[in-house]
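Here is a short report on one protein model. It covers a metal site, charged pairs, ring pairs and backbone geometry.

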Amino acid sequence: MGFFKKNKKRQPTKIEWKIKHNCLDLIIESAKSVYPNEFGAVLRVDDKQKDTISEIILLPGTVQGESHTIFKLHMMPVDFNIVGTIHSHPSTNPNPSDADLELFGKHGKIHIIIASPYDYSSWKAYDYNGKETKIELV
Ligand SMILES: [Zn+2]
């Protein structure tokens with residue numbers, strides 16, 4: 001463990017993700033508005049800043065239920081600026097479920113889960129492996 005500790009912290013990440021304030025605000029508002037159901041959408045980066053999440057897009061046919069959001073990812077538009085997913089958890093637990101991990105592994109590079117009470121401190125981001133990842137608020 002100790003041997004790897006230093007490396008692990010310094011492990012270079014390919015992309016230093018950022019998210020725009022107004023985009024996170026929209027995520028918070030959307031999650032609140034469908035509570036106690038889940039909210040789900042995809043994350044889109046800026047055309048010029050490919051590391052900055054600036055928009056969310058609701059996919060047609062995404063089913064929002066009380067226990068899980070089913071992403072109809074075959075409905076995803078051909079858009080190379082879509083980098084991952086966002087969904088809400090009506091509980092206070094922002095950790096990914098097994099189904100979430102499966103989704104993360106299949107689609108996208110960055111995934112956000114926002115948990116109740118849906119505020120600036122109740123969300124977490126993960127990479128495709130389900131490893132927690134930092135996103136800077138810009
Ligand atoms: Zn989930």
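Where does Pro117 lie? Pro117 is in the loop between S7 and S8. Strands here are DSSP runs (E, at least two residues) and helices likewise (H or I, at least four residues), numbered from the N terminus.

This is a predicted model, in which local features need pLDDT of at least 70, side-chain atom pairs count only at pLDDT 80 or more, and totals for chains, interfaces and linings use all residues. Residues are numbered from 1 along each chain as its sequence is written, and side-chain values use heavy atoms, with hydrogens and water left out.

**Backbone**

Most residues other than glycine have a negative phi, and most peptide bonds are trans. Ser116 and Pro117 are joined by a cis peptide bond, with omega about 10°. Tyr118 sits in the loop between S7 and S8 too. Its phi is near 60°, a positive value in a residue other than glycine. A cis bond also runs from Tyr35 to Pro36, with omega near 10°. Pro36 belongs to the loop between H2 and S2.

**Aromatic pairs**

The model holds 2 aromatic pairs. Rings of Phe, Tyr and Trp (its six-membered ring) pair if their centres lie within 6.5 Å; planes under 30 degrees apart count as stacked, over 60 as edge-to-face and the rest as tilted.

Tyr35 pairs with Tyr118: the ring centres are 6.0 Å apart and the planes stand at 75°, so this pair is edge-to-face. Accessibility is classed by relative accessible area: buried is under 20%, exposed over 50%, partly exposed in between (1.4 Å probe, protein chains only). Tyr35 is partly exposed at 46%. Tyr118 is buried at 3%.

Phe104 and Tyr126 form a stacked pair, 6.0 Å centre to centre with 25° between the planes. Phe104 is in helix H3 and Tyr126 in strand S8, so the pair ties together parts that are 22 residues apart in sequence. Phe104 is buried at 0% relative accessibility. Tyr126 is buried at 3%.

**Zinc site**

Which residues coordinate the zinc ion? The donors are His87 (NE2), His89 (NE2), Asp100 (OD) and Asp100 (OD), at 2.0 to 2.6 Å. Donors are N, O and S atoms within 2.8 Å of the metal (3.2 Å for Na, K and Ca); water is not among the atoms, so sites may look incomplete.

The 4 donor atoms subtend angles of 54 to 160° around the zinc ion, which makes the arrangement irregular. Four donors count as tetrahedral if all angles lie between 85 and 135 degrees; four count as square planar and six as octahedral if opposite donors are over 155 degrees apart and all others between 65 and 115; anything else is irregular.

In sequence, the zinc donor residues are spaced H-x1-H-x10-D. His89 lies in strand S6 (residues 82–89) and Asp100 in helix H3 (residues 98–106), so the pair ties together parts that are 11 residues apart in sequence. His89 is buried at 9% relative accessibility. Asp100 is buried at 10%.

**Salt bridges**

Side chains of opposite charge can pair when their charged atoms come close. A salt bridge here is a side-chain nitrogen of Lys or Arg within 4 Å of a carboxyl oxygen of Asp or Glu. The count comes to 7 salt bridges. The table gives some of them.

| Salt bridge | N to O distance |
|---|---|
| Arg44 and Asp47 | 3.8 Å |
| Arg44 and Asp79 | 2.6 Å |
| Glu132 and Lys124 | 3.8 Å |

The Arg44 and Asp79 pair links distant parts of the chain, 35 residues apart. Arg44 is in strand S2 (residues 40–45), and Asp79 is in the loop between strand S5 (69–70) and S6. Arg44 is buried, at 14%. A network of salt bridges links Arg44, Asp47, Glu55 and Asp79. Glu132 is partly exposed at 42% relative accessibility. Lys124 is partly exposed at 27%.
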